Amino acid sequence: MSDFRIHTLGCGSAKPTLRHQPSSTVVDYHDNLFMVDCGEGAQIAAQRFRLKLNRMRHIFLTHLHGDHVLGLPGLVSTLGLAGGGGHLTIHTFKEGERILNEIFGFFSRDLPIKVEFNVIRPEEAVVFENNSITVRTVPLRHRIPTVGYVFEEKEKPRHIDRRMCDFHQVPVCQLRNVKNGSDFIKPDGTIVPNRMLTSDADPARSYAHISDTAYTPSLAEKIGAVDLLFHETTYLDIHRKEAKARGHSTAREAGRMAALCGAKRLLTGHYSSRYKDDDAFRREALEEFPEVILNREGLTTNV
Ligand SMILES: [Zn+2]
């Protein structure tokens, strides 16, 4: 099992149906959970798919439409009721902070959970960072201010070759430097080049979450050549005019975007409730891009 994976809680759009729930995705990085959007029912879906939301400290909102936000009051109440004095940071626009503060202030005021806000803007910025990953925003083109999020692993240390390090008597206190690429200088001044003591680091992986947006080719450069691209596929090509007017994309356009970015794989989603055959999204995107994963609730995708 990969230590960087994406759990889909909801991949429907505005209108929930018996087949699809509104938007919510959980990024699981080494058992630290990050939620992107929290549509209605997200907490129930998380239980159903056995995700431990007490391991979640960050929620990233793409925009303030109900199908991406309305699961939050219930989720925050539940996390509060669970006790343990948790804390949660919600990344959203100024307006989101104002509205949600009021809701939590009323419904969760006596609960032992601390909710903080990181106010973001609809422009490119790094909004979260720890020792292993960064999360940055990409401005999207929807009917209201909207951002996508790109989760990127930081460059990783090189792999130590234990046998060679023992052979050259590298002291433990030097191992970190060697992992970070330094040569080892022996007490007699001999230099042991780093490549003799280490092998290449694992490549840094990346996931982009792009919802909701009209198809915008110039986005490709901002997203970059990610390992996994979630790009909304609200509509099919026959409704491309409506897609454009509503600030959404078709499956064909999502396929084109994956190709333009140089992404390795495309994950579909945010399906309009008008379509009954989900596989049509996959088939249409496949005409533009070869690696398409058809999204559904409960799906786990390794990055
Ligand atoms: Zn939406």
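## Notebook: a look around a predicted model

I began with Thr301, which counts as buried at 4% relative accessibility. For me, buried means under 20% relative accessible area, exposed means over 50%, and partly exposed lies in between, using a 1.4 Å probe and protein chains only. Thr301 sits in strand E18, residues 300-302. Helices (H or I, at least four residues) and strands (E, at least two) are DSSP runs, numbered from the N terminus. I then listed what Thr301 touches, leaving out residues up to four places away in sequence: Phe4, Arg5, Ile6, Leu228, Arg265, Leu267 and Ile293. Contact here means heavy atoms within 4.5 Å.

A note on the ground rules: this is a predicted model, in which local features need pLDDT of at least 70 and side-chain atom pairs count only at pLDDT 80 or more, while totals for chains, interfaces and linings use all residues. Residues are numbered from 1 along each chain as its sequence is written, and side-chain values use heavy atoms, with hydrogens and water left out.

**The whole chain**

I stepped back to see the protein chain, which has ten helices and 18 strands. Its C-alpha atoms fill a box of roughly 75 × 55 × 35 Å along the principal axes. Of the 303 residues, 51% are buried. I looked up contacts between residues at least 6 apart in sequence, and 64% of them join residues at least 24 apart.

The chain is divided into domain 1 (4-156 + 202-302) and domain 2 (159-199); these bounds come from an automatic or database domain assignment. How far apart are the centres of domain 1 and domain 2? I found 43 Å between them, taken over C-alpha atoms.

**The cores**

Next I went looking for nonpolar cores. A nonpolar core is a set of buried Ala, Val, Leu, Ile, Met, Phe, Trp, Tyr and Cys residues joined through side-chain atoms within 4.5 Å. In soluble globular proteins, nonpolar side chains tend to be buried together. The largest core here has 29 residues, and Ala208, Ile223, Val226, Leu229, Met257, Cys261 and Leu266 touch the most other members. Strand E14 (206-210), helix H7 (219-223), helix H9 (251-261) and helix H10 (279-286) are the elements that give two or more residues to this core. Which element gives the most? I found that H9 does, with five residues.

Setting aside its neighbours within four places in sequence, I found Met257 in contact with Tyr215, Thr216, Pro217, Leu219, Ala220, Ile223, Leu229 and His231. I also noted a second, separate core of 24 residues, which includes Leu9, Val26, Leu33 and Cys38.

Ser206 has its place in strand E14 and is buried, with a relative accessible area of 9%. Beyond residues up to four places away in sequence, Ser206 touches Phe4, Phe151, Glu152, Ala225, Val226, Asp227, Leu228 and Val303. I also checked Ser206 against His239: the two are 33 residues apart in sequence and 31 Å apart in space, C-alpha to C-alpha.

Ser272 is in the loop between strand E16 (265-267) and H10. Is Ser272 buried or exposed? I count Ser272 as buried, because its relative accessibility is 9%. Apart from its neighbours within four places in sequence, Ser272 is in contact with Ser13 and Thr234.

Most residues other than glycine have a negative phi, and most peptide bonds are trans.

- His270 has a positive phi, near 60 degrees, and is not a glycine. I found His270 in the loop between E16 and H10, where it is buried at 2% relative accessible area.
- Gln169, also not a glycine, has a positive phi of about 55 degrees. Gln169 is in the loop between helix H5 (162-167) and helix H6 (172-179). Is Gln169 buried or exposed? I noted it as exposed, because its relative accessible area is 66%.
- The peptide bond from Ser211 to Asp212 is cis, with omega near -10 degrees. Asp212 is in the loop between E14 and H7.

I ended at helix H3 (residues 72-81), where Leu72, Leu75, Val76, Ser77, Leu79 and Gly80 are buried. After H3 comes Gly83, whose phi is positive, near 70 degrees.
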